[in-house]
Amino acid sequence: MDPEKGAIGGLSTSLRAELEPQHADLLLFACCLISGLVDSTIYRAYNTFVSMQTGNTIFVGLGTSHQNLRRYGWARSLTSIGCFTLGSFLFAQLHRVLGTRRRGSLMLSFLLQAGIILLTAGLVQGGVISSALVSKGSQKTPPWDQIVPIVLLSLQSAGQIVASRALGFNEIPTVVITSLLCDLMSDPQLFLVRNFKRDRRIIAFVLTLVGAIIGGWVTKVTEAISPILWLCAGIKGLLALAWAFWRAK
């Protein structure tokens with residue numbers, strides 16, 4: 001047998017393997033941390049969320065009555081909503097075409113997410129895109145090139161929640177807190193000693209909050225958004241690598 005053909009065949013088999021979802025929640029917890037890090041950082045710079053679209057919806061609504069705190073803030077929020085929606089469709093199609101829980105689809109999904117954050121960090125670090133932090137309530141028209149990070153990061157954020165659905169961990173949406181807290185407190189088994197869904201929801205909330213705190217402090221100290229973006233790109237890259245070695249069914 002040709003060793004090269006055997007190696008290619010082995011790689012193809014590995015990429016098409018259905019992965020065991022047990023303990024995959026650990027990787028999704030990292031995504032919750034990333035959501036907190038990215039959203040707190042991007043909101044500080046652009047007054048827009050790229051993961052949690054509930055806030056953006058309110059910002060768009062306030063924009064109709066000219067009460068959005070930043071000029072054209074409604075347009076940024078609307079862009080984020082649209083790109084997150086598009087990203088959800090594209091990542092869902094990726095999983096559907098390549099296989100919902102196959103190693104190849106999960107690796108590709110997280111490599112794309114990592115690559116998008118990496119590209120954004122590079123554009124900001126290189127000065128191609130303005131990332132100047134603005135004062136709260138500033139009425140100065142922001143540079144329009146700042147729409148690029150919002151587009152890119154909103155697209156990649158959708159990959160997280162699509163992955164959580166694909167793996168069957170609906171209790172860890174990674175980008176939503178409101179429904180998570182509602183589901184947590186309405187759980188009829190809330191006070192049982194062993195309740196894995198409850199525990200996952202609590203951990204997801206705490207990690208999102210911790211990420212937001214860290215992102216806020218790092219942005220305040222460095223007066224820059226690129227450090228957090230580099231960090232998140234690195235974490236997403238490690239998650240993609242983790243799927244490469246994850247146990248198959």
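Student: How many aromatic pairs does the count come to?

Tutor: Rings of Phe, Tyr and Trp (its six-membered ring) pair if their centres lie within 6.5 Å. This is a predicted model, where local features need pLDDT of at least 70, side-chain atom pairs count only at pLDDT 80 or more, and totals for chains, interfaces and linings use all residues. Residues are numbered from 1 along each chain as its sequence is written, and side-chain values use heavy atoms, with hydrogens and water left out. By the ring rule, the count of aromatic pairs is five.

Student: Are the rings of Tyr43 and Phe59 stacked or edge-to-face?

Tutor: A pair of aromatic rings is described by the distance of the centres and the angle of the planes. Planes under 30 degrees apart count as stacked, over 60 as edge-to-face and the rest as tilted. The centres of Tyr43 and Phe59 are 6.1 Å apart and their planes stand at 20°, so this pair is stacked.

Student: How many residues apart in sequence are the parts that this pair ties together?

Tutor: Helices here are DSSP runs (H or I, at least four residues), numbered from the N terminus, while strands are runs of E with at least two. Tyr43 sits in helix 2 (residues 25-46) and Phe59 in helix 3 (residues 53-64), so the parts they tie together are apart in sequence by 16 residues.

Student: Is Phe59 buried or exposed?

Tutor: Buried means under 20% relative accessible area, exposed over 50%, and partly exposed in between (1.4 Å probe, protein chains only). Tyr43, at 30% relative accessibility, counts as partly exposed. Phe59 has 17% relative accessibility and therefore counts as buried.

Student: Which helix holds Trp243, the partner of Phe110?

Tutor: Phe110 and Trp243 form a tilted pair, 6.0 Å centre to centre with 50° between the planes. Both Phe110 and Trp243 are buried. Phe110 belongs to helix 5 (residues 103-125), so the pair ties together parts 133 residues apart in sequence, with Trp243 in helix 9 (residues 226-244).

Student: How many disulfides does a search of the whole structure find?

Tutor: A disulfide is a pair of cysteine sulfur atoms within 2.5 Å. For Cys32, the nearest cysteine sulfur is that of Cys31, 7.1 Å away. The sulfur of Cys83 is 19 Å from the closest cysteine sulfur, in Cys232, which is too far for a bond. The number of disulfides found in the whole structure is zero.
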